[in-house]
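Subject: Structure handover and findings

Hello,

Here is the structure you were waiting for.

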Amino acid sequence: MTRECAALLPGVCAALADPRQPGLDDTCLEKLLDWFRSLTWFDPSVELVQDNPCLTELITSVLALPEPSPNILSFTLQLAGILSSSESRFQHLQQEKLLGRLLGRAGPLGGAPWEEASVRSGWVRAVHSMVQHQPALHFLCSEGSMDVIFALQGDPSLFVASAASQLLVHMLTFSVESETSKPVSTKDCDWPVCAQMIMKHIEESLQSSSASHMEQSLKLLTSLFGSCYAPWTEVLWLNVTKQIESFLKEETVQAQPMLANLLLNVARSPVFSDTESSFWALMTSALEHLTPVHAGPLAVGLLKLCKCPQDVRIQALTVLLQPMDCILRAASQPLEYAGLLDESVTDPVTVESLLSSKTSCASLLCQTLAHLEKLLSLKHLRVDLPCVSLLRSVMTILQFCSGFLSPASPLGSTISRNLINCFRVQKSALDILAALSEKKGCDTLIRSLFDILLAYLESPNTSPTVLKKAFQATSKWLVCLQELSCSISQCQQTEKILEDVFLVLQKRLCSPCWEIRDSSLEFLTAMIKCLRDQDEFRQSLLSSEVPRLAENLLKDPESYVRASAVTAVGHLAFITYFAPESSVVENQCNKENTVAKLQEILSTDSEGFPRRAVISIFTTWLREGCTGQLEDTEQFVSRVIQTVEHDLDWEVRLGGLELVEVFCSKTVCQLGLSECPYAPVSSAITSSTHQNLLQVFCRAKLFGFLFQSLCDCDKPVGQRACDILIGLRGNFYPISSLENPQEIEDSPAGHGIAWLQRTLRQGSLAQNFPTDGGNGVDFQDPESMMVALGAIDLLELHDELNKSSDHVEEGPQSLLQDILATVGTIEENEVDCY
C-alpha cells in the first residue's frame, strides 16, 4: 500500500462506519474490495492489518451498530474474509475476537440482517475468501457454519444458492488436497473432517425424500466433476454410483436434466478415461433410461469425446437419430424408404408419443436438429452419419411444416398437424439442410430438394425469418449444383433451377416487407460471391430483371435495405462492368453512373449503414484492382477521402482509412518499392522513386486525412491512422536513419512540423485542426511530408493511443479520494469510481 493510500484509508473507514453518512453504491464498494484482494494476494503478512488499525476499527464499529445497512454489513463481512485469507492475519483477527462475531455463531446468522440476500451473499463470499488454509476449515467446522452453508444451497436467491454450492466444491477440494498426505479410500475415516461432513451431507441428500435436497447435491456433484479432475474424485464417484443408477431407473424422477449434466461432466474427466471402466456401462444405461429430450444433450456431448468407446458412441448417435427415423417411417408408404435405424436404443413408442404431442413435438425436433447440425460441423467425427437418409428426413420435416406432404400413416398425419407453419422447426431444418450441402452423396436428391426450397421461397406463408434461412440454404445448394454441372442434362437442370430462382428473387425484391427485400439482396450478394465465375449463373442473372431491381433499391426508404442494395450493386459490378467482356462504351457509361450513385449515397445519405456499405464496396473494388490505372485510382481515392473525412460516423471514417491502406499498399507495389506492403526498403531505392510515391500520396490528399485522423475523437480511427503512417514511414526511412531533430528545426518546413507535433500531442482536443496549409504545414507538399514522417514520434503516439481512456484516473488512490469527496455530499450517490 502506498503512503498516500495509507493516509486516506482511516478517513474512508470512518465514513463507512458512520451511520449518519449515506451508503456508497455497490459498484464503489466492490472496487474497494477488489483493491483489498489485490493487496492481500501479493502480501500474506499480518502487517497489513497491524499497520492499518483502521481496518479492525471499521469491523468493530460496524458490529457495534444496532442496525447496520445491508450493503455496509455485506462489505464488512467480505473485507474480513479477504483479510483472513492468510493464516497470520486470520490468527490476528481471531485474537481480536472478531471472526466469531462475523462468520460464526455470534455473527449475523439468523438475525434481522440475515433476511437480506446481500448479507447472506456477503457471508458466503467472505467464507470462500477465507478458506485458503487449514485453520479456516477447522474454524468453520467447529463454529457450526457447515450447517449454514448446507442450508444456503436451497436459498431463495439463486445467486446465494449458487455461491453456496461453489463454496462447498472449493471446501471439499481444498480439504482433501491440503489435509491428506496419502490417497483416500472409500472408508470415511481416511477423509479429513471437513470432507467427511460434506460427503455425508451429499450422500444423505441423495437418499432424501426431499426432491430439492436431492437436486442440490446433484448440482454440487456436477460442479465438482466439472472443475476438479484429481484422482480422489473416482473414490467419491464410487460412493454415489449406486444412488445415481437408481435415479436413472426411476422414470418419474424430476432431476433428469441434472443427471445428464452430471454424467457428461464425469465423462469429460480424465480420471474416467479407461474405456473398460464400469462407468461406461452406466452411460449406456443413462442413454437408455433418460427421456429423448434429456438424453440428447448427453449423446451429443459423448460423441465429441475422443475417449468414448465405440459401442457407446454408436448408441449416442442412435439416440439423436431416433426422432429423424420416426419422421421418415411416419411419412413413407410401406417399404418405400428404409428408416435411419435398424434398431433403437429406447422404445420407439416414447419418441412417437413426444412427436404426437403438440407441446413436445417442435421442442424435440428443434433440439435434435440443433445437435445434429453441431455434429455435422465437426471435422473429425468417429462415427458415420447416414447423411442421405438424414437429408431425406429433413426434407420430410420441411414438407410437413409447409403442408406439401400427405402422410401415409396416422402418426404422420398427427405430426403434420403439429408442425404446420411451425417457424421454429422450419428454421432449424433449413440450417441443417444448408450444412448437409457439403456432405458426399446428398446431391442424389438435389432436384426434389430444390423443389422444396423453391416452394418455400415462393410461398406467401413463409415468414421473413424463415425466408432468410431458405435463401441461405439455397445459396449453399446452388454452389453444390454448379459443381455437378458436367453433362448436358445436368446443365439443362441447372439452367432451369437458376431461372426459377431468379424469377422468385424478382418478386421478393419488390416485396412490401422491408425484411424480405433486405434478405433478397443479401441472397443475391451471397450468390454473386460464390458463383460469379460460372457462365450459366452470369447468363441467367443478366437475362433477368434482378440487376435493375437491385439498383432501384438504392433509393429504398429503409436504410438497412439501401445498405444491402449498395453491397449487392457493388458485387454486381464484378459481372456487369469489371468483367473483361463488358468493356464496351455503354457499359462504361453505366459503370460511371453507378459509381456516381454510390458516391452520392456516401455524401448525402442521412443514415450510417448505407454510407458504411459504400466505403466497404469501394475498398473491395480497390483491393481487386477494379478502379482503373494509377491516375484514375488516385482521383477516385482522393474524392472518396475528401467525402469521408468529415463524416459524423466513425465507422465510415475508419472505412476511409482502410481504403487508404489498400491504396498505399497497391501503389507501393505498383511503383516497385516492395513486393510486400510496408516492408522496410533498402538504401538502393532511388530518391526519384521516393519522390514519385510521395507525389501520388500528396495528390490524393492522403496525408491531410491521415494526420487529421490521428486527432480523431474516436480512438479506433486514430489507432488505424497511426498504424498506416508507421507503415508508410518504413518505406521512406530505414530503421536507423530517422530525421535529426536539429536538421528538421532548421529546414524550411520546420516551423510547421513543430506546430504539427504540438497539435498531435493534444490528441482529440485538436480534432478540428486545419489541413489547408494555414497552419504552416502543406500536407500536399512531398518534401514537407517527408520531413514530417521522419520527425514525428509516431511510436510514442501509438503508445498514447493504445492507453486506456481512464489510465490517469484508474487506481486505488483515486478511488479513495472519490469516496471521501462523495460521502455525505449528495443524496443520490453517483460516484464515478474507476
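The protein chain has 42 helices and zero strands. Helices (H or I, at least four residues) and strands (E, at least two) are DSSP runs, numbered from the N terminus. This is a predicted model, where local features need pLDDT of at least 70, side-chain atom pairs count only at pLDDT 80 or more, and totals for chains, interfaces and linings use all residues. Residues are numbered from 1 along each chain as its sequence is written, and side-chain values use heavy atoms, with hydrogens and water left out.

Of the 834 residues in the protein chain, 54% are buried. Buried means under 20% relative accessible area, exposed means over 50%, and partly exposed is in between (1.4 Å probe, protein chains only). Contact means heavy atoms within 4.5 Å. Among contacts between residues at least 6 apart in sequence, 72% join residues at least 24 apart.

**Salt bridges**

A search of the whole structure finds 24 salt bridges. The criterion is a side-chain nitrogen of Lys or Arg within 4 Å of a carboxyl oxygen of Asp or Glu. Three of them follow.

Glu 30 and Arg 125 meet through their side chains at 3.2 Å, N to O. Glu 30 sits in helix α2 (residues 26–42) and Arg 125 in helix α8 (residues 117–130), so this pair ties together parts that are 95 residues apart in sequence. Glu 30 is partly exposed, at 25% relative accessibility. Arg 125 is partly exposed too, at 33%.

Arg 517 and Asp 556 form a salt bridge at 2.8 Å, N to O. It links distant parts of the chain. Arg 517 belongs to helix α27 (residues 514–531), while Asp 556 is in the loop between α29 (546–552) and α30 (559–576), 39 residues apart. Is this pair buried or exposed? Both Arg 517 and Asp 556 are buried.

Arg 720 pairs with Glu 661 at 3.0 Å, N to O. Arg 720 is in helix α37 (residues 715–732) and Glu 661 in helix α34 (residues 650–670), so the bridge ties together parts that are 59 residues apart in sequence. Arg 720 counts as partly exposed at 25% relative accessibility, and Glu 661 counts as partly exposed at 21%.

There is also a network: salt bridges that share partners join Glu 30, Asp 34, Arg 37 and Arg 125.

Cys 54 is in no disulfide; its nearest cysteine sulfur, that of Cys 13, is 3.9 Å away. Cys 54 is buried, with a relative accessible area of 9%. Cys 669 is partly exposed, at 32%.

**Helix packing**

Helix α19 (residues 348–356) packs on helix α22 (residues 410–419) at an angle of about 40°, with the axes 8 Å apart. Axes are lines fitted to C-alpha atoms, for helices over the stretch in contact, and angles run from 0 to 180 degrees between N-to-C directions. The two helices, α19 and α22, are therefore oblique to each other. Angles under 35 degrees count as roughly parallel, over 145 as roughly antiparallel, 65 to 115 as roughly perpendicular, and the rest as oblique.

On the α19 side, Glu 352, Leu 355 and Ser 356 make the contact; they meet Leu 411, Thr 414, Ile 415 and Asn 418 in α22. By class, that contact has three nonpolar, three polar and one charged residues. Ala, Val, Leu, Ile, Met, Phe, Trp, Tyr, Cys and Pro count as nonpolar, Asp, Glu, Lys and Arg as charged, and the others, Gly among them, as polar.

Now helix α42 (residues 812–822). Ser 814, Leu 815, Leu 816, Ile 819 and Thr 822 are buried there. The buried residues of α42 pack against α1 (3–17) and α2.

**Two single residues**

Gly 655 lies in helix α34. It is buried, with a relative accessible area of 10%. Leaving aside neighbours within four places in sequence, Gly 655 is in contact with Ile 615 and Thr 619.

His 690 is in helix α35 (residues 687–699). At 12% relative accessibility, His 690 counts as buried. Its C-alpha atom is separated by 8.3 Å from that of Asn 731, 41 residues apart along the chain.

Best regards

Terms used
A disulfide is a pair of cysteine sulfur atoms within 2.5 Å.
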